[in-house]
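Good morning. Please look at the sequence and the model for a moment, and then I will go through some side-chain contacts.

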Amino acid sequence: MMRPASHPAAAILYVDDEELACKYFERAMADDYEVVTAGGVDQALAILSTPGHGIGVLVTDYRMPGRVGSILLRYVNQHFPHMVCLMVTAYADKDVLLDSINGAEVFRVLEKPLDLYQLRLALRQASERARERQSRRDNLLAIEETLAFLAHELNTPLATIGNFARGIARRASGDDPARQLEEIGHAATLMQDNARYCLSVLSSFVDSVKLANGALPPSAPRSGQSAAQLLAALLDAYPLTPAQRQMIRTDVQQDFNVKALPNCVALVLSSIMSNALRALDGQADAALRFTVLVDGTPQISISDNGPGIPPEILARLLVDPVTTHAHNGGNGWGLIFCQRIMQSFGGNIMVQSKPGRYTTVTLNFPAIEKELV
């Protein structure tokens with residue numbers, strides 16, 4: 001039985017070999033929780049092995065044929081540490097309690113027959129703790145993904161800085177001082193551009209975190225820029241070579257304000273442009289175009305005339321970590337992270353491509369952002 005989608009409580013897995021006990025528990029709690037029942041440890045393990053099961057609270061009997069409930073508790077503590085566990089037993093003696101908590105965290109031990117008032121109180125507390133644990137778990141996963149994305153974005157400019165530094169060391173030992181100075185000066189300029197871009201990416205990330213936590217004042221810079229302003233700031237900060245600058249065109253047909261997570265949107269644009277530049281590397285007549293318009297919904301599109309994306313990769317690009325840049329250290333997570341950022345405020349990303357012709361990545365913003373400037 002499924003609870004209404006709007007119900008905030010965690011789903012409960014109730015495990016008992018007595019069928020009547022399972023029916024009693026489900027009937028008593030179904031109005032307040034999503035309840036899943038299992039007739040033993042093996043059945044419970046099968047339920048927990050199902051992806052996306054959504055279980056937040058485990059309530060298990062102790063005495064059951066085959067394997068006792070403490071085995072299930074220890075398994076859940078090891079593999080699902082965010083879940084909150086309760087033990088039910090009609091044998092509340094010292095040995096049972098010691099076995100129940102040996103190597104497993106038990107939030108409450110409840111005696112049969114179950115007292116409905118005490119049961120509801122325990123479940124309400126367990127459900128709240130489960131939500132807190134899940135929230136912490138989600139935050140840790142978000143931090144992990146974000147750090148992976150930052151590493152992805154900073155890897156290329158930092159590697160470039162390292163390559164130029166090694167080049168300077170080699171050139172410093174040459175025989176032509178005038179040429180040495182010219183090459184070293186050129187390398188130093190490019191190193192500075194790449195370092196400036198790294199600092200810009202980190203600044204955008206820090207501002208995004210502050211904004212999410214309410215620590216960034218509303219009057220702070222980049223708290224609500226237009227799409228054209230975001231593009232201008234990106235092209236100013238990104239370490240483009242002269243040849244790359246020549247290939248880039250912007251077409252602002254109808255500008256609009258980007259109010260939701262503008263710093264994160266800047267990171268998305270940076271990541272997508274970086275992908276396009278890698279695809280265009282070494283290609284004759286390379287071209288990269290940014291288009292800003294409002295066509296039903298506000299959007300920013302990035303189009304290149306590079307080699308395109310094979311259909312088998314294109315179909316998975318926004319859902320699986322696949323990449324067309326494996327030889328350049330790509331891992332496929334960048335675009336997935338970009339999609340999650342856009343979806344977090346009601347937008348999305350669409351990718352169109354034809355091998356040998358073009359690739360167009362479109363950032364669609366929600367209609368609420370349709371405030372023209």
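Predicted model: local features only at pLDDT ≥ 70, side-chain atom pairs only at ≥ 80, totals over all residues.

I start with burial: a residue is buried under 20% relative accessible area, exposed over 50%, and partly exposed in between, using a 1.4 Å probe and protein chains only. By that rule C85 is buried, because its relative accessibility is 2%. C338 is buried as well, at 0%.

Residues are numbered from 1 along each chain as its sequence is written, and side-chain values use heavy atoms, with hydrogens and water left out.

Next, the aromatic rings. Rings of Phe, Tyr and Trp (for Trp, its six-membered ring) pair if their centres lie within 6.5 Å; planes under 30 degrees apart are stacked, over 60 edge-to-face, and the rest tilted. There are 4 aromatic pairs in the structure. One of them is Y14 with F25, which counts as stacked because the ring centres are 4.2 Å apart and the planes stand at 10°. This pair joins distant parts of the chain, with Y14 in strand 1 (residues 11-15) and F25 in helix 1 (residues 19-29), 11 residues apart. Helices (H or I, at least four residues) and strands (E, at least two) are DSSP runs, numbered from the N terminus. Y14 and F25 are both buried.

Another pair is F345 and F365, with centres 6.1 Å apart and planes at 25°, so this pair is stacked too. F345 is in the loop between helix 11 (333-344) and strand 11 (348-354), and F365 is in the segment after strand 12 (358-364), 20 residues apart. Both F345 and F365 are buried. Together with F256, they form one aromatic cluster.

Now the charges. Side chains of opposite charge can pair when their charged atoms come close. A salt bridge here is a side-chain nitrogen of Lys or Arg within 4 Å of a carboxyl oxygen of Asp or Glu. The count comes to 5 salt bridges.

Which residue does D16 meet in a salt bridge? The partner is K112, at 2.8 Å from N to O. D16 lies in the loop between strand 1 and helix 1, and K112 in the loop between strand 5 (108-111) and helix 5 (116-171), 96 residues apart. D16 counts as buried because its relative accessibility is 1%, whereas K112, at 22%, is partly exposed. D16, K112 and D61 are linked in a network of salt bridges.

Two further salt bridges each stay within a helix. In helix 1, K23 and E19 are 4 residues apart, about one turn, and their closest N and O atoms are 3.4 Å apart. K23 is partly exposed at 45%, and E19 is exposed at 55%. In helix 5, E128 and R131 are 3 residues apart, again about one turn, with 2.3 Å from N to O. E128 is partly exposed at 35%, and R131 is partly exposed at 32%.
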